[in-house]
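Please look through the sequence and the fold before reading on. The report below goes through the strands, one annotated region, the charged pairs and a surface patch.

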Amino acid sequence: MEFSSKLLEKAVNEISQLPGIGKRTALRLVLHLLKQPKEQTGFLTQALVAMREEIKFCESCHNISDTAICEICSNTNRNHQLVCVVEDIRDVMAIENTGQFKGVYHVLGGKISPIDGVGPSQLKIASLVEKVKSGKLSEVIFALSSTMEGDTTNFYIYKQIADSGIIISTIARGIAVGDELEYADEVTLGRSILQRLPFEKAIKNN
């Protein structure tokens, strides 16, 4: 792809590094920005810089937040004894959109995937185990995607907390095997939360 401007080429190259965006799509986006008033591009730039520099991770659940403790964890109307374990913020958003879950979350920041070089120590598993050991939880719900990596992560955590005496459950398999949680429709995802199963039973069924 030939460019008449090095500045244009640099902008296209940077935007094309975003997931799912190729050079042609990046070019369309850059040309669109060029057609907008300069202040509009300034607003976008300011928003991105502020997000990158000021965004925080909740000290309790590791969710993305504007404050040290996120709105969900600081909400006294939520059931803080009920913790839903998810991969990332997209899964929190997906479950919240169902309106069916009234507990809090624990965001792992990924899934165990040796092929990608991701081990347990690179995820927020240790802090989850500490929460369980604190004796303040009544149930942990595994809500990771039903992929091999998700199942591996579930089982690893289960082995760490199986002797805790709390309820350990997993979302019902209304979610097709191999599907990512964020792409499930809200009704199916909501039902899978409400109809969750004991994790040990889920292992035997597999």
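UniProt positions are given here in the numbering used for this chain, feature names are shortened, and an annotation may be inferred rather than shown by experiment. The model itself is predicted.

**The annotated region**

An unreviewed UniProt entry lists residues 58-73 as "zinc finger region: C4-type". In the model, this span is 0% helix and 12% strand.

His62 is found in the loop between strand E1 (56-57) and strand E2. Its phi is near 75°, a positive value in a residue other than glycine. Most residues other than glycine have a negative phi. Is His62 buried or exposed? His62 has a relative accessible area of 16%, and residues under 20% count as buried, so His62 is buried.

Which residue is 65 residues from His62 in sequence but 9.6 Å from it in space, C-alpha to C-alpha? That residue is Ser127. Ser127 belongs to helix H5 (residues 126-133). With a relative accessible area of 26%, Ser127 is partly exposed.

**The strands**

Strand E3 pairs with two strands named here. With strand E4 (residues 103-107), E3 pairs in the parallel sense over 5 bridges. In this pairing Cys84 stands opposite Tyr105 in E4. Between E3 and E4 the chain passes through helix H4, and this β-α-β crossover is right-handed.

E3 and E5 also pair in the parallel sense, over 4 bridges. Here Leu82 has Glu139 in E5 as its bridge partner.

On to the next pair: strand E5 (residues 139-142) and strand E6 (residues 167-170) are joined by 4 bridges, again in the parallel sense. Phe142 stands opposite Thr170 in E6. The chain runs from E5 through helix H6 (residues 148-161) to E6, and this β-α-β crossover is right-handed.

In a regular strand the side chains alternate between the two faces of the sheet.

**The salt bridges**

How many salt bridges does the structure hold? It holds 4.

| Pair | Distance, N to O |
|---|---|
| Lys6 and Glu9 | 3.8 Å |
| Arg78 and Glu96 | 2.8 Å |
| Asp88 and Arg90 | 2.6 Å |

Lys6 and Glu9 both lie in helix H1 (residues 6-15). They are 3 residues apart, which is about one turn of the helix. Lys6 has a relative accessible area of 68% and is exposed, whereas Glu9, at 25%, counts as partly exposed.

The side chains of Arg78 and Glu96 also meet in a salt bridge. Arg78 lies in the loop between E2 and strand E3 (79-86), and Glu96 lies in helix H4 (residues 89-98), so the pair ties together parts that are 18 residues apart in sequence. Arg78 is buried at a relative accessible area of 13%. Glu96 is partly exposed at 28%.

For the bridge between Asp88 and Arg90, the two partners can be described in the same terms. Asp88 counts as buried, at 15% relative accessibility. Arg90 is partly exposed, with a relative accessible area of 42%.

**The nonpolar patch**

Which residues form a nonpolar patch on the surface? They are Leu44, Leu48, Met51, Ile55, Phe57 and Ile64. Together these residues have about 530 Å² of accessible area. Helix H3 (residues 38-54) supplies the largest share of the patch, with 3 residues.

Ile64 lies in strand E2 (residues 64-65).

Technical notes
Residues numbered from 1 in each chain as written. Predicted model: local features only at pLDDT ≥ 70, side-chain atom pairs only at ≥ 80, totals over all residues. Heavy atoms only, no water. Patch = residues over 30% accessible without salt bridge, like charges linked within 9 Å, V, L, I, M, F, W, Y side chains within 5 Å. Areas by Shrake-Rupley, 256 points an atom, 1.4 Å probe, with all protein chains shown as cover. Pairing = 2+ DSSP bridges. Right-handed = clockwise from strand over helix to strand, strands pointing away. Buried < 20%, exposed > 50% of the residue type's maximum accessible area, 1.4 Å probe, protein only.
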